[in-house]
Amino acid sequence: MKQNKTVIQFDNVSKRYPTGQSGVEGINLKILLGEMVFLTGHSGAGKSTLLKLITAIERPSAGQIWVGGQNLKTLWRSQIPILRRNIGVVFQEHRLLFDRSVFDNVALPLQIAGFSPRDIPRRVRAALDKVGLLHREKVLPIALSGGEQQRVGIARAVVNKPPLLLADEPTGNLDPELSGEIMHLFEQFNQVGVTILIASHDLALIGQLKHRVLTLNEGRLVSDVGAL
Amino acid sequence: MKNNTRENYRPKSGQQTKGRASAARQTVSVSQESQPRKSAHRTHRTSEIGLFLLHHQQMMWQSLQRLLKAPIATFMTALMIAVALSLPAMLYLLIENAQTLSSRWDGAPQISLFFELEAPAESVNEVFGQLQQDQRFSKVELITAEQALSEFEQQGGFKGVLQHLSSNPLPATIVLQPKQVDGAYHQQAIAETLKQIKGVEQVQFDTAWIARLNAMLQLGQRAGAMLAGLFALAVILVIANTVRLAIESRREEILVVKLVGATNAYVRRPFLYMGLWFGVLGGLLALVLVHCLIWLLTDPVADLSQLYETHFEIAAMTLDASLLLVLTSGVLGWIGALFTCQRQLRMIEPR
């Protein structure tokens, strides 16, 4: 599914925190449209920082980042929401809203992006169907198991069909079997053309899947295996 | 086969950003421009403005529902606002009423002519006769010393006391109602001539106290305006603080919606409506309070006006004034919420 169009490009990017918290240092990186990439390294190696730089949660101390051809340096503050609508993000801790149903959680990005209320139910159900939770749309997230909550988080990330999907330790709290299911779900999205970047330290699982693997160590990119 | 599924899944850049600012779409859209715009699903077309208004409408009712879910807390806050608003509103109302009261007498300045105690009744009668002929006065009334004494006895209940007095302490009085000439009462000129009359001790204008009252009312008005300003500030602060707590309690939700691409305007919209509702509810409650207070004042005012032998009823707030109060309160609430949002939402950013 790989094509020669760059979705993410890092040019000598560094992020240092004033608090001394570990960031990233001198990252050069290119991810092409339709790729599925794993980002690995021990905790504190800078995986989360890298993902935060892509969604403009953090701004780099040095270097330049392009996402979908847009240089993030020239991105205005008011344009950040538009950037984020084009990136689906899956969090380790799900970050679901517990005061509303599964359906409403998944519908959130559509409401924010200004989709017509007539389109929303169909899209939400399509996303829930993909993660196999269509029958639980009326349930509150608290009533779901950890694996189900994670799948709701994935449905929310893909509901507005973003071309880029980021996942930060999506299987961090799950047992191996559930982790495998979640990864299989990501592979399915990749097969329909979504570019995917998954931060994970689950080396065993990553080893089973034949995808490109980036390894970070103390903020530096130390290996890039399986790239074209 | 794969290509087909992909066709269905791939985002169409148009669908995705839904006609958002086209510049933004071009700059950050990650999707492929060359891809044919075919979609298995037909997107319903609703205008951008329609969706915008729809969201406003939704947020308006949602924030009201949210407030009504905690009725006691909402009532307390609204009551606090109502108390702050009803004080200046009440002051305004009292001044307004006093003004109508003073304006009733404003047009008819009476002149009282007090004679010396020793002035003989004949000369008083003579002056009275002359003044009756005078074209400058529309009404001339004589109150002899005896009449004054008997009136005083009847009204004051001093019957017993006065019997012990050797002589009448009250002078004869002539009450004059000057005619209007060229739209003005030539009081100064009249006073000069009246003072020349033999046996007249004092010429008194009834307008003096009205002028003083008006000056006092003006002072009251100024003080009322300042007070209203202070209480408006209090309303803004009360609502700002309430909204700040609401923002804090929904911190996680704000973080999540910001992460999935909500603009600042989207995030603060429910809170602005919350401020607006607090203002409107507080304003309505203030109206109720003011009307209760007026109702409590009705009887004492009726008693008082009876003593003054007038028919005076305290006027309630007009519809215009009531609407203005509620509207102002709503705007104050909105300002308070905006003030908090500007400060608070900037601090809640995903980390």
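Mentor: Start with the buried residues of α3(A), which are Val102(A), Phe103(A), Asn105(A), Val106(A), Ala107(A), Leu108(A), Pro109(A), Leu110(A), Ile112(A) and Ala113(A). This is a predicted model, in which local features need pLDDT of at least 70 and side-chain atom pairs count only at pLDDT 80 or more, while totals for chains, interfaces and linings use all residues. Residues are numbered from 1 along each chain as its sequence is written, chains are lettered from A and ligands numbered from 1 in the order in which they are written, and side-chain values use heavy atoms, with hydrogens and water left out.

Trainee: What makes α3(A) mostly covered?

Mentor: Buried means under 20% relative accessible area, exposed over 50%, and partly exposed in between, with a 1.4 Å probe and protein chains only. Ten of the twelve residues of α3(A) are buried, and the helix is therefore called mostly covered. These buried residues pack against α2 (80-85), α4 and α5 (146-158) of chain A, together with α11 (251-259) and α12 of chain B. After α3(A) comes Gly114(A), with a positive phi near 80°.

Trainee: What is the make-up by class of the contact of α3(A) with α4(A)?

Mentor: On the α3(A) side, the residues are Val102(A), Phe103(A), Val106(A), Ala107(A), Leu110(A) and Gln111(A), and they meet residues of α4(A) including Ile120(A), Arg123(A) and Leu128(A). By class, the contact has ten nonpolar, one polar and two charged residues.

Trainee: Why is α12(B) described as roughly antiparallel to α13(B)?

Mentor: The axes of α12(B) and helix α13 (residues 319-347) of chain B come within 7 Å and cross at roughly 150°. That angle makes α12(B) roughly antiparallel to α13(B), and the crossing is right-handed. The contact of α12(B) with α13(B) divides into 15 nonpolar, nine polar and one charged.

Trainee: Why does Leu284(B) count as partly exposed?

Mentor: Leu284(B), which lies in helix α12 (residues 264-307) of chain B, has 43% relative accessibility and therefore counts as partly exposed.

Trainee: How do you know whether Asn12(A) and His94(A) are buried or partly exposed?

Mentor: Asn12(A), in strand β1 (residues 6-15) of chain A, counts as partly exposed because its relative accessibility is 47%. His94(A), in the loop between β6 (87-90) and α3 of chain A, is buried because its relative accessible area is 11%. Phi is positive in Asn12(A), near 50°, and in His94(A), near 60°.

Trainee: What pLDDT does chain B have, on average and over residues 1-44?

Mentor: With pLDDT being the predictor's confidence in each residue, from 0 to 100, chain B averages 78, and 77% of the residues score at least 70. Over residues 1-44 of chain B the pLDDT is below 50, although this stretch has 106 contacts in the model beyond near neighbours in sequence, a contact being heavy atoms within 4.5 Å. Where pLDDT is low, the predicted coordinates should not be read in detail.

Methods
Helix = DSSP H or I, 4+ residues; strand = E, 2+ residues; numbered from the N terminus. Nonpolar A, V, L, I, M, F, W, Y, C, P; charged D, E, K, R; others polar. Axes fitted to C-alpha atoms, helices over the stretch in contact; angles between N-to-C directions. Parallel < 35°, antiparallel > 145°, perpendicular 65-115°, else oblique. Left-handed = near helix turned anticlockwise from the far one by under 90°.
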